[in-house]
Amino acid sequence: MHETLGLGPQPGVPRPTSNPPSNLFGNAIYGAGSGLIRGGLGMYGEKIFGSGSDYVQSNISKYFSDPQYYFQVSGHYVRNKLKVILFPFLHRGHWTRITEPVGGRLSYQPPINDINAPDLYIPCMAFATYLVLAGISLGLSGKFSPEALNWQFVKGLVGWFLEVMLLKVSLLSLGGGEAPLLDTVAYAGYTFTGMCVAVLGRITLSYAYYLTVMWTCLCTGIFLVKTMKRTLFAEARSYDSSMLHYLLLCVAFAQFPLSFWLSNTSGNWFF
């Protein structure tokens, strides 16, 4: 009788399993438990982070607004806005911003549709022009150097920051302060429109430069007073009218030392 030696599995013979049978009941409990944990944690985390995201979004839109909004300008808007800034007493229209219903609530019209809306295009262009004119002034006086122009750049940024702080402190003093930050930055940046005229007067008019600075200070003060009274202070919840007048006077008179300081392009920090 011959004995058959097979190296592989024989047909018809069941193949032995290498792993023992798993615990199906335990796997079911584990799967159900892990699914419950994942689902519960997911819903709880979504609730926490979702509410946090809504809170952050609401506060960002409340204090900062959309940056693209401030660059929606046209040539017609820029020309008319410059007239309002440099000749505010000739502005015969109203000073309040135009609103429109969007998503069930009122929203402000962009600058391209509203001459009283703040924009960042004019402040940024005015600041760049201010630096170019400051460089020309330094060159004509024989004091031009990269360091002097850098100091003028830092000086301009500090002046812009001081103007923003002046407006924010005024708002906070009235119990407001909830105006978007970029609104305040835009309104403060309009100061450099007058600074360009003042520095240009310093280059071309010699001693008549002082009259030019006085004129630009007066116009900038009137513009900021009108704007703050009708636009920024309108968002304050409650305030004392006498305190409002004092704050407006402080904002107007603060333009004189600030403008003289910024328009001085001698290359020195203080003089």
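**A helix pair and its setting**

Modeller: Helix α3 passes helix α6 in a left-handed crossing (left-handed if the near helix is turned anticlockwise from the far one by less than a right angle, right-handed if clockwise; helices are DSSP runs of H or I with at least four residues, strands are E runs with at least two, and both are numbered from the N terminus). This is a predicted model, in which local features need pLDDT of at least 70 and side-chain atom pairs count only at pLDDT 80 or more, while totals for chains, interfaces and linings use all residues. Residues are numbered from 1 along each chain as its sequence is written, and side-chain values use heavy atoms, with hydrogens and water left out.

The axes of α3 and α6 come within 8 Å and cross at roughly 20° (axes are lines fitted to C-alpha atoms, for helices over the stretch in contact, with angles from 0 to 180 degrees between N-to-C directions). The two helices are therefore roughly parallel to each other (angles under 35 degrees count as roughly parallel, over 145 as roughly antiparallel, 65 to 115 as roughly perpendicular and the rest as oblique). On the α3 side the residues that meet α6 include Thr-129, Tyr-130, Leu-133 and Ser-137, and their partners in α6 include Phe-192, Met-195, Val-199, Arg-202 and Ile-203 (contact means heavy atoms within 4.5 Å). By class, this contact of α3 with α6 has 14 nonpolar, three polar and one charged residues (Ala, Val, Leu, Ile, Met, Phe, Trp, Tyr, Cys and Pro count as nonpolar, Asp, Glu, Lys and Arg as charged, and the others, Gly among them, as polar).

Thr-129 and Met-195 are 66 residues apart in sequence, yet 9.4 Å apart in space, C-alpha to C-alpha. Ser-137 touches Arg-202, Ile-203 and Thr-265, if residues up to four places away in sequence are not counted.

Of the 32 residues in the largest nonpolar core, Tyr-130, Tyr-190, Phe-192, Phe-223 and Leu-262 touch the most other members (a nonpolar core is a set of buried Ala, Val, Leu, Ile, Met, Phe, Trp, Tyr and Cys residues joined through side-chain atoms within 4.5 Å). The helices that each supply at least two residues of this core include α3, α6 and α8, and the largest share, seven residues, comes from α8. Leu-262 touches residues that include Tyr-130, Phe-192 and Met-195, again leaving out those up to four places away in sequence. A second, separate core of six residues includes Tyr-69, Tyr-70, Leu-182 and Ala-186.

Elsewhere, α4 (residues 146-173) and α5 (residues 181-189) pack at an angle of about 120°, with their axes 9 Å apart, and are therefore oblique to each other. The crossing of α4 and α5 is right-handed, and by class their contact has six nonpolar, two polar and two charged residues.

For the protein chain as a whole, there are eight helices and two strands, in the order α-α-β-β-α-α-α-α-α-α along the sequence. Of its 271 residues, 36% count as buried, and residues 24 or more positions apart account for 76% of the contacts with a separation of 6 or more.

Methods. Buried means under 20% relative accessible area, exposed over 50%, partly exposed in between (1.4 Å probe, protein chains only).
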